[in-house]
Amino acid sequence: MPVPESVDVVIVGAGFSGMYLLHRLRHQNKTAVVFEAGADVGGTWYWNRYPGARVDVESLAYSFSFDPTLEQDYEWRERYPTQPEILRYAQHVADRFDLRKDIVFRTRVSGATWDDESKTWLVRTEHADAVRARFLVMATGCLSAAKLPEIAGLDDFHGPTFHTAHWPHEGVDFTGQRVGIIGTGSSGVQSIPVIAAQAADLTVFQRTPAYSLPARNRALRDDEVTAMKANYPKFRQAQRESGFGVPVAMPTRSALEVGDAERDATFEVAWESGSLVNLLTAYKDLTTDQDANDTAKKWIHRKIHRIVDDPAVADDLSPQYPVGTKRPCLDTGYYETYNRDNVHLVNLQRTPLVAVTDKGIRTSEREYEFDAIVYATGFDAMTGALTNVDIRGRDGVSLKETWRAGPRTYLGIGSAGFPNLFMITGPGSPSVLSNMVVSIEQHVEWVSGVIRHLDERHLRTIEPQVDAQDAWVAHVNEIAGYTLYPKANSWYMGANVPGKTRVFMPYAGGVGEYRKKCDEVAANGYEGFQLTD
Ligand code: NA7
């Protein structure tokens with residue numbers, strides 16, 4: 001579509017957030033344009049096409065709730081759908097609500113500048129288009145600014161290289177090849193078994209092992225789909241009030257108040273259930289008490305040793321940080337893959353990466369030769385996609401500079417000094433600690449609500465007050481301080497990006513509590529924000 005000169009709202013990103021916000025704003029008679037770097041909708045599920053890519057929240061829960069007919073009509077096939085199936089869902093939503101006509105594809109937003117006189121944003125694209133808008137909404141996702149390892153020689157390798165988040169649409173055939181893969185987060189853990197089954201030889205370079213549970217993926221049964229669809233309104237409400245956006249019975253007991261046999265049996269049930277949330281909520285203190293967490297850690301270490309034949313490899317695969325403090329993974333045959341003769345594990349904590357060379361990868365110990373290299377090295381999480389855009393607020397102040405010592409937001413929705421700028425699932429909101437679709441819907445509904453509020457009162461701007469923002473940042477830190485999360489070098493802490501300030505970015509108080517706070521703020525006339533005419 002041609003770029004309009006001015007609209008009410010510019011939305012950046014046509015993933016689940018951008019699509020739903022566009023749909024919602026149309027119903028409020030707002031004009032909006034969405035800029036999307038990809039060639040189609042889907043966001044995360046458009047880009048992350050690596051082999052074995054799946055969501056790790058169940059399909060019937062990881063889906064939009066805003067339209068009961070969509071919810072009833074859509075037919076999910078698997079418990080944990082593959083990337084192509086989720087992308088098909090996103091495309092279905094775009095078709096169903098005729099969204100593409102307001103989306104400009106293959107277009108990255110490069111910058112946005114606030115003009116205090118006209119009270120508008122001037123948003124620029126990489127193609128030198130510019131559009132003026134009252135509101136700017138960054139629906140850019142939390143894990144979308146992909147990162148490569150910070151080592152020398154990245155351009156020196158003679159063969160093809162692939163980042164899991166920028167996988168070729170036509171796929172990659174590794175048959176007969178020697179492949180090296182760096183990274184063992186979710187993308188590595190999901191792709192390693194699939195690549196190992198195809199390649200002649202696979203060498204995995206692991207800096208930090210992941211805790212991973214078997215997904216126990218399977219086709220959905222008709223009876224469970226029917227039962228869920230009959231119960232959807234209740235289920236969705238429970239999701240909204242839950243901790244992680246996935247309803248579970250909250251535990252009342254400590255891991256330390258039960259006997260070993262009982263605790264082992266509880267962990268076994270969680271492991272067999274193929275649900276990360278079941279593991280993290282097996283006892284009430286797993287995420288807050290080191291001793292309680294140690295019981296789960298030791299149990300998982302034993303499990304890994306039972307699956308992996310070589311005890312030295314099992315040791316290397318056993319994480320030392322507390323369970324759940326880095327994003328745990330769901331896998332299909334991950335640990336078993338290390339029993340294959342064609343798979344080798346390199347522990348980078350013992351022999352760190354030195355460089356990529358023309359032939360392969362060199363560690364402090366030796367050089368490994370490959371035909372192809374895969375980077376499963378993750379993202380500049382939560383802030384990268386926001387600070388990569390040159391956003392300039394009041395008096396030309398840059399968002400990137402303002403956040404140099406860590407992101408500062410009120411509710412993860414707005415930032416002081418940046419009027420009429422909203423973030424969907426920004427830092428300071430539960431976002432990555434939750435079922436993303438639940439968090440996305442809540443933010444989109446809240447943001448469209450505030451736009452309606454301003455319209456009805458003929459108000460032109462909204463912006464967080466500095467004291468409210470300071471208090472929120474302190475609260476987010478305080479809640480994190482009650483948990484074990486800050487104990488790991490995770491991307492939740494910005495620890496995977498050299499030079500990034502270490503601060504725990506998501507809100508760990510749960511989506512239910514967070515929603516209450518947002519609703520309260522709205523009910524009190526958007527308390528903590530400054531509204532002007
Ligand atoms: P992650 O979870 O950030 O994983 C990236 C992996 O790459 C992780 O094992 C990193 O080790 C490793 N990594 C990153 N940089 C380097 C360098 N320089 N050297 C060696 N190893 C490195 O990203 P994913 O794409 O797997 O998953 C992202 C999320 O998607 C996931 O959590 C789910 O929410 C879905 P590290 O742990 O930093 O030591």
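Student: How many bridges join strand 14 to strand 15, and do they run parallel or antiparallel?

Tutor: Let's start with the general idea. Strands of a sheet pair through backbone hydrogen bonds, in either a parallel or an antiparallel way. In this predicted model, strand 14 and strand 15 run antiparallel and are joined by three bridges.

Student: What joins strand 13 to strand 14?

Tutor: Strand 13 (residues 353-356) and strand 14 (residues 360-363) run antiparallel, with three bridges between them. Look for leucine 353, whose bridge partner in strand 14 is threonine 363. The chain passes from strand 13 to strand 14 through a hairpin of three residues.

Student: In what order do the strands of this sheet lie?

Tutor: The order is 13-14-15, in an open sheet of three strands with antiparallel pairing. Strand 13 and strand 15 (367-369) are the edge strands, since each of them pairs on one side only. On average, neighbouring strands here are turned by 20 degrees against each other, ignoring direction.

Student: And how should I think about side chains on a strand?

Tutor: In a regular strand, side chains alternate between the two faces of the sheet. Keep that in mind as you follow a strand on the screen.

Student: Let's move on to the core. Which residues have the most contacts inside the largest nonpolar core?

Tutor: The general idea is that nonpolar side chains tend to be buried together in soluble globular proteins. Here the largest nonpolar core has 146 residues, and Val10 and Val137 have the most contacts inside it. Helix 14 (residues 436-456) gives the largest share of this core, ten residues.

Student: Why does this core lie between domain 1 and domain 2?

Tutor: Because domain 1 (6-145 + 380-532) and domain 2 (147-210 + 326-378) both give residues to this core.

Student: Which residues does valine 137 touch?

Tutor: Leaving out residues up to four places away in sequence, valine 137 touches Val9, Ile11, Val12, Leu21, Phe422, Ile424 and Val447.

Student: How far apart are the centres of the two domains, and how many residues are in contact?

Tutor: The C-alpha centres of domain 1 and domain 2 lie 31 Å apart. Across the boundary, 18 residues of domain 1 are in contact with 16 residues of domain 2.

Student: Now some single residues. What is the phi of leucine 411?

Tutor: Phi of leucine 411 is near 65 degrees, a positive value in a residue other than glycine. You will find leucine 411 in the loop between helix 13 (399-402) and strand 18 (421-423).

Student: Is leucine 411 buried or exposed?

Tutor: The cut-off for buried is 20 or more other C-beta atoms within 10 Å. Leucine 411 has 24 C-beta neighbours inside 10 Å, so leucine 411 counts as buried. Threonine 425 also has a positive phi, about 55 degrees, although it is not a glycine. Threonine 425 sits in the loop between strand 18 and helix 14, and is buried, with 27 other C-beta atoms within 10 Å.

Student: Where is leucine 286 found?

Tutor: Leucine 286 is in the loop between helix 8 (276-280) and helix 9 (290-307). With 24 C-beta neighbours inside 10 Å, leucine 286 counts as buried. Among the residues it touches are Ala255, Leu280 and Val323.

Student: Finally, what scores does the model have?

Tutor: The model scores ipTM 0.99 and pTM 0.97. The mean pLDDT of the protein is 97, and 100% of its residues reach 70 or more.

Technical notes: Residues are numbered from 1 along each chain as its sequence is written. This is a predicted model: local features need pLDDT of at least 70, side-chain atom pairs count only at pLDDT 80 or more; totals for chains, interfaces and linings use all residues. Two strands pair if DSSP finds at least two bridges between them. Helices (H or I, at least four residues) and strands (E, at least two) are DSSP runs, numbered from the N terminus. A nonpolar core is a set of buried Ala, Val, Leu, Ile, Met, Phe, Trp, Tyr and Cys residues joined through C-beta atoms within 7 Å. A residue is buried if 20 or more other C-beta atoms lie within 10 Å of its own, exposed if 12 or fewer, and partly exposed in between; C-beta atoms are placed from the backbone. Domain bounds come from an automatic or database domain assignment. Two residues are in contact if their C-beta atoms, placed from the backbone, lie within 7 Å. pLDDT is the predictor's confidence in each residue, from 0 to 100. Axes are lines fitted to C-alpha atoms, for helices over the stretch in contact, and angles run from 0 to 180 degrees between N-to-C directions.
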